[in-house]
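Please keep the sequence and the model in view while reading.

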Amino acid sequence: MAALVFDLDGTLVDSAPELHKAANAFLAEKGLPVQTLDAVKSFVGNGAVKLTERLLAAAGQPAEGAALDAQAKRFVEIYAALPPGDTVTYPGVPQELARLAGQGHRMGICTNKPAGPTRAILDALGLAKYFGAVVGGDSLDVQKPDRRMMIEVADRLGSKTALLVGDSEVDAATALAANVPFILFTEGYRKRPAAEIPHDAVFARWADFPDTLRRVYL
Ligand SMILES: O=C(O)COP(=O)(O)O
Ligand SMILES: [Mg+2]
């Protein structure tokens with residue numbers, strides 16, 4: 001059975017409100033104007049450093065190199081210190097993960113979010129027990145869409161075959177690079193219409209995931 005590899009932000013959890021809160025606390029600390037939720041959503045997908053880079057660029061304060069790394073470190077500190085509760089699973093996610101685990105699927109997480117906050121969210125939501133491998137944006141020296149992110153998760157799960165479930169262009173590119181099937185969840189933070197993002201199957205409600213998965217393996 002192929003391992004099921006899941007993206008986190010915008011796929012299993014709606015983390016944008018909490019990222020928005022952290023982004024605005026970070027900007028306010030620097031005396032910069034705050035951002036809308038939609039703007040922050042559009043900055044998510046390539047990890048914490050890119051998110052920080054996009055926040056600073058949007059505020060007219062571009063940063064790069066070591067200066068950007070230092071700013072991103074501060075952003076992650078602010079994010080990690082927020083009280084839990086704002087990040088929630090999409091409806092039906094806990095039930096579906098329990099069902100898949102019950103069927104014996106090996107499951108892993110492949111996210112560009114740093115591994116620390118990723119584990120904190122999985123623990124807080126009671127989901128950690130479902131995942132035999134968690135690879136975050138700072139786990140390797142590459143991030144999605146590099147195929148090594150996907151290969152690392154499959155290796156850690158001891159699985160030769162895998163598929164990726166994700167919400168974004170970055171996930172689609174990762175699956176293509178790793179040559180694995182891609183299932184697109186449409187309710188996350190993608191930037192383009194779903195039809196323009198290469199996928200093998202698509203779904204909008206987690207209650208429909210069983211049928212969607214069957215379509216890929218028919
Ligand atoms: O943190 C990000 O930018 C994106 O995280 P994701 O890979 O779980 O969507
Ligand atoms: Mg995502």
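Two residues are taken to be in contact if their C-beta atoms, placed from the backbone, lie within 7 Å. By that criterion, 16 residues of domain 1 are in contact with 12 residues of domain 2. On the side of domain 1 that touches domain 2, helix α6 (residues 115–124) gives the most, with 3 residues. Sorted by class, this side of domain 1 has 5 nonpolar, 7 polar and 4 charged residues.

The model is predicted. Its chain averages a pLDDT of 97, and 100% of the residues score at least 70; the ipTM is 0.95 and the pTM 0.96. The division of the chain gives domain 1 the residues 3–14 + 87–216 and domain 2 the residues 16–81. Between the C-alpha centres of domain 1 and domain 2 there are 24 Å.

Ligand 1 involves both domains: the shell around it draws at least three residues from each of domain 1 and domain 2. There are 14 residues around ligand 1, of which L8, D9, T111, N112 and K113 come nearest. The shell comprises 3 nonpolar, 7 polar and 4 charged residues.

Helix α3 may be considered next. Its 12 residues (47–58) reach 17 Å from the first C-alpha to the last, close to the expected 16 Å. Buried within α3 are G47, A48, V49, L51, T52, R54, L55 and L56. These buried residues pack against α1 (16–29), α2 (37–43) and α4 (65–81). After α3 comes G60, which has a positive phi near 75°.

How values were computed
Residues are numbered from 1 along each chain as its sequence is written. Chains are lettered from A and ligands numbered from 1 in the order in which they are written. This is a predicted model: local features need pLDDT of at least 70, side-chain atom pairs count only at pLDDT 80 or more; totals for chains, interfaces and linings use all residues. pLDDT is the predictor's confidence in each residue, from 0 to 100. Helices (H or I, at least four residues) and strands (E, at least two) are DSSP runs, numbered from the N terminus. The expected span of a helix is 1.5 Å times one less than its number of residues. A residue is buried if 20 or more other C-beta atoms lie within 10 Å of its own, exposed if 12 or fewer, and partly exposed in between; C-beta atoms are placed from the backbone. A residue is near a molecule or strand if its C-beta atom, placed from the backbone, lies within 6 Å of it. Ala, Val, Leu, Ile, Met, Phe, Trp, Tyr, Cys and Pro count as nonpolar, Asp, Glu, Lys and Arg as charged, and the others, Gly among them, as polar. Domain bounds come from an automatic or database domain assignment.
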